[in-house]
Amino acid sequence: MTRVLIVDDSPDIARLMVKVVEENGHDVVTAINGRQALEVAASEHPDVILLDIMMPGMSGIDVLRHLKASAELKAIPVILVTAMNDDTDVIAGLDQGAQDYVTKPFKREILAARVRSAIRIKQNHDQLVQLNERLKAETAERERMQRELAQAQKLESIGHLAAGIAHEINTPAQYVGDNIRFLKEVLADFEGLLKKLDLLLQAGKQGKITDELLAEVEAAVLEADVDFLTDEVPKAIGQSLEGIDRVANIVRAMKEFSHPGNGGKQAINLNRAIESTLTVSRNEWKYVADLVTDFDPELPPVSCLPGDFNQVILNLVVNGAHAIADVIGENSDSKGTLAIRTRRDEDWVEIQVADTGSGIPEDIRDNIFDHFFTTKEVGKGTGQGLTIARSIVVEKHGGTLSFETQVGRGTKFIIRLPITDASDVDETREPELTEACC
Ligand SMILES: Nc1ncnc2c1ncn2[C@@H]1O[C@H](COP(=O)(O)OP(=O)(O)OP(=O)(O)O)[C@@H](O)[C@H]1O
Ligand SMILES: [Mg+2]
């Protein structure tokens, strides 16, 4: 049931208005002055207020001003009730947000029609508010789901990468182990030689070197194969150190790749972040592609969410590797090329991830960023990579993600990120370029 608040200090007029409004099927509440009007409006939440302008104390215009200043009450349509020829107040009232006005004496039908019209407006407004609330709730829910999806994709990709990373670490770990075993054997041979040399030293000091002792030392030297060892031991040590460096590099890249950050943006060296991502994903592309990197060493630190940025690069690199694999086929000896380039373009940085893969057919180019659009078989892709990449680049970083493609030649994805003032972020890392990233 709709409810109308009638505010008038004149009992006769108030009674007449109550009658008309009630006859038209609305509930009525009343007030006889401005202050009471505000109290009743706040407690009863009427759908329409019929407000007399000329009242002693607080005038109708004052009441109107208070109503419109209140977040809770400002949406209630107000119909001013005014004396004939009171144009100034009517204009002031309409300017302050009154919905309509009626002049006294009023025709009953006109009053009823104006109340109906104001109620329709209130109902439309209420519907809009409800729709807006629902829309907000749906948007929040969609954003929550998108966040969860992105998180799930990230976890899935990390899980997937873990197998490749284990393999990448296993290779150097194995040859470091082999080399250390070799050095252990060498040391055992050397022990025999050292003992003989010690005996020779003692005998020399006493002037008692015998031919027999010399023959024994010679035999021990032969057994230890000193020429061979002086060649091989430094090699084994060098190789082991290189293996340890590789493992350390992979571990550092893993730490940087899965960088949880502090939840906020940080000014980071994008070249280095890309290198880390290429290192942890090496097993995904190394069988199908040679890697070419062309990093702008002058690239300024860019404010971004490090974990999210890494995920974008990973998604594009994996897509590129898949597209190349499609062209060269499995177990092929030939490889394609993955080229990653960074450069500065005035207030933007541009990152290009180009592959010499299959290219994107014209009829799906409009769909590749859609949720769950994939051309890959189950287990190889779920169609989320580019949706997430675009949402990270565009929505979270105010950047752009576009592509150029030629069927049969390959595809280049181009990320552009704005270089914002680095003072609004809380960590800067020194640019550091390492060659041995992959
Ligand atoms: N570099 C590329 N070359 C050719 N086609 C591509 C390339 N990148 C994306 N596509 C096409 O766009 C589709 C959508 O890519 P997207 O990364 O969103 O999903 P996906 O790779 O199929 O699965 P996911 O990334 O979720 O594992 C791909 O299935 C593929 O058809
Ligand atoms: Mg993908």
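Predicted model: local features only at pLDDT ≥ 70, side-chain atom pairs only at ≥ 80, totals over all residues.
Which element gives the largest share of the lining of the largest pocket? Hold that one for a moment.

Residues are numbered from 1 along each chain as its sequence is written, chains are lettered from A and ligands numbered from 1 in the order in which they are written, and side-chain values use heavy atoms, with hydrogens and water left out.

Domains now. The assignment for the protein chain gives domain 1 as 3-106 and domain 2 as 261-438. Those bounds come from an automatic or database domain assignment. Between the C-alpha centres of the two domains lie 63 Å.

On to the pockets. A pocket here is an open set of points on a 1 Å grid over the protein atoms alone, where a 1.4 Å probe fits, with protein on both sides within 12 Å along at least five of seven lines; lining residues have an atom within 4 Å of a point. Grid points are joined across faces, edges and corners, and volume is the space filled by probe spheres set on the points.

The largest pocket holds about 1400 Å³. Its lining has 49 residues, with Val318, Asn319, His322, Lys376 and Lys380 nearest the centre. Elements giving two or more residues to this lining include α5 (108-205), β10 (348-355) and α11 (385-396). Helices (H or I, at least four residues) and strands (E, at least two) are DSSP runs, numbered from the N terminus. Back to my opening: α10 gives the largest share, twelve residues. By type, the lining splits into 19 nonpolar, 22 polar and eight charged. Nonpolar is Ala, Val, Leu, Ile, Met, Phe, Trp, Tyr, Cys and Pro; charged is Asp, Glu, Lys and Arg; the others, Gly among them, are polar.

The second largest pocket holds about 350 Å³. It is lined by 16 residues, and Gln146, Thr387, Ser391, Ile392 and Glu395 lie nearest its centre. α5 and α11 each supply at least two. The largest share, eight residues, is from α11.

Last, one residue. Leu338 sits in strand β9, residues 336-345. Is Leu338 buried or exposed? Buried, with a relative accessible area of 0%. Buried means under 20%, exposed over 50%, partly exposed in between, with a 1.4 Å probe and protein chains only. Leu338 touches, among others, Trp285, Val317, Ile324 and Asp355, not counting residues up to four places away in sequence. Contact means heavy atoms within 4.5 Å. Leu338 and Asp355 are 17 residues apart in sequence, yet 4.7 Å apart in space, C-alpha to C-alpha.
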